[in-house]
Amino acid sequence: MNGKIEHQIIEVEEKLRLAMLHSDVKALDELLSPRVLFTDHLGHLVGKEEDLAGHKSGALKLKSLSASEQHILLTGDVAVVSVKMQLSGSYNGTPTNGIFRFTRVWSQSQDGTWQIIAAHSGIVS
């Protein structure tokens with residue numbers, strides 16, 4: 001059972017990476033819980049609509065987004081993922097490049113799909 005769930009989490013993590021890279025708002029909308037709490041690398045709390053807005057408006061433009069050091073912890077009905085991401089792009093025209101560590105909490109929705117309910121990012125020095 002855990003192997004099956006871990007495989008599902010690996011798949012939704014990749015779907016998320018590609019959705020972020022291509023600003024695929026439809027896919028991001030499906031992957032983010034309506035109640036998601038995201039604390040960004042500056043300590044700001046961001047909700048789903050705010051997160052999607054950066055992609056919808058084109059303010060966030062990613063050129064590359066590659067994952068490494070992915071760790072998955074399965075506990076109860078949630079999965080916790082920690083992943084290092086090398087990214088390059090821009091936000092409102094300002095270059096945004098660096099290595100970030102993301103921690104995400106995935107929960108299965110009532111229809112059986114996995115959604116992020118909480119996330120945090122930090123800059124890796």
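## Ser68 and its contacts

Setting aside neighbours within four places in sequence, Ser68 is in contact with Val83 and Lys84. This comes from a predicted model, so please read every value here as computed. Ser68 sits in strand β3. With a relative accessible area of 34%, Ser68 is partly exposed, because that figure falls between the 20% limit for buried and the 50% limit for exposed.

For a sense of distance, take Ser68 together with Gln108: their positions are 40 residues apart along the chain, and their C-alpha atoms are separated by 24 Å.

## The nonpolar core

Which residues touch the most other members of the largest nonpolar core? They are Ile9, Leu16, Leu65, Trp106 and Ile116, out of 28 residues in this core. Two or more core residues come from each of α1 (2-21), α2 (25-31), β1 (32-39), β3 (60-75), β4 (78-91), β5 (94-108) and β6 (114-123). Helix α1 provides the largest share, seven residues.

Apart from neighbours within four places in sequence, Ile9 is in contact with Ile72, Leu74, Ala79, Val81, Trp106 and Trp114.

In α3 (48-57), the buried residues are Lys48, Leu52, Gly54 and His55. These four lie on the same side of α3, because they cover an arc of only 145 degrees around the axis. On the other side of the helix, Glu49, Glu50 and Ser57 are exposed. What do the buried residues of α3 pack against? Their partners are α1, α2, β1, β2 (45-46) and β3. Gly58 follows α3, and its phi is positive, near 85 degrees.

Asp51 also has its place in helix α3. Asp51 counts as partly exposed at 24% relative accessibility. Leaving aside neighbours within four places in sequence, Asp51 is in contact with Leu32, Phe38 and Val46. Asp51 and Gln70 are 19 residues apart along the chain, with 22 Å separating their C-alpha atoms.

## The largest pocket

The largest pocket has a volume of about 760 Å³. Its lining is made up of 28 residues, and those nearest its centre are Phe38, Asp40, His41, Asp51 and Leu60.

At least two lining residues are supplied by each of α1, β1, α3, β3, β4, β5 and β6. By class, the lining holds 16 nonpolar, seven polar and five charged residues.

## The second largest pocket

The second largest pocket contains about 170 Å³ of space. Lining this pocket are Gln8, Glu11, Val12, Lys15, Glu30, Leu31, Gln108, Gly112, Thr113 and Trp114.

Sorted by class, the lining has three nonpolar, four polar and three charged residues.

Key
Residues are numbered from 1 along each chain as its sequence is written. This is a predicted model: local features need pLDDT of at least 70, side-chain atom pairs count only at pLDDT 80 or more; totals for chains, interfaces and linings use all residues. Side-chain values use heavy atoms; hydrogens and water are left out. A nonpolar core is a set of buried Ala, Val, Leu, Ile, Met, Phe, Trp, Tyr and Cys residues joined through side-chain atoms within 4.5 Å. Buried means under 20% relative accessible area, exposed over 50%, partly exposed in between (1.4 Å probe, protein chains only). Contact means heavy atoms within 4.5 Å. On a 1 Å grid over the protein atoms alone, a cavity is a set of points where a 1.4 Å probe fits but cannot get out, and a pocket is an open set with protein on both sides within 12 Å along at least five of seven lines; lining residues have an atom within 4 Å of a point. Grid points are joined across faces, edges and corners, and a volume is the space filled by probe spheres set on the points. Ala, Val, Leu, Ile, Met, Phe, Trp, Tyr, Cys and Pro count as nonpolar, Asp, Glu, Lys and Arg as charged, and the others, Gly among them, as polar. The arc is that of the directions from the helix axis to the C-beta atoms.
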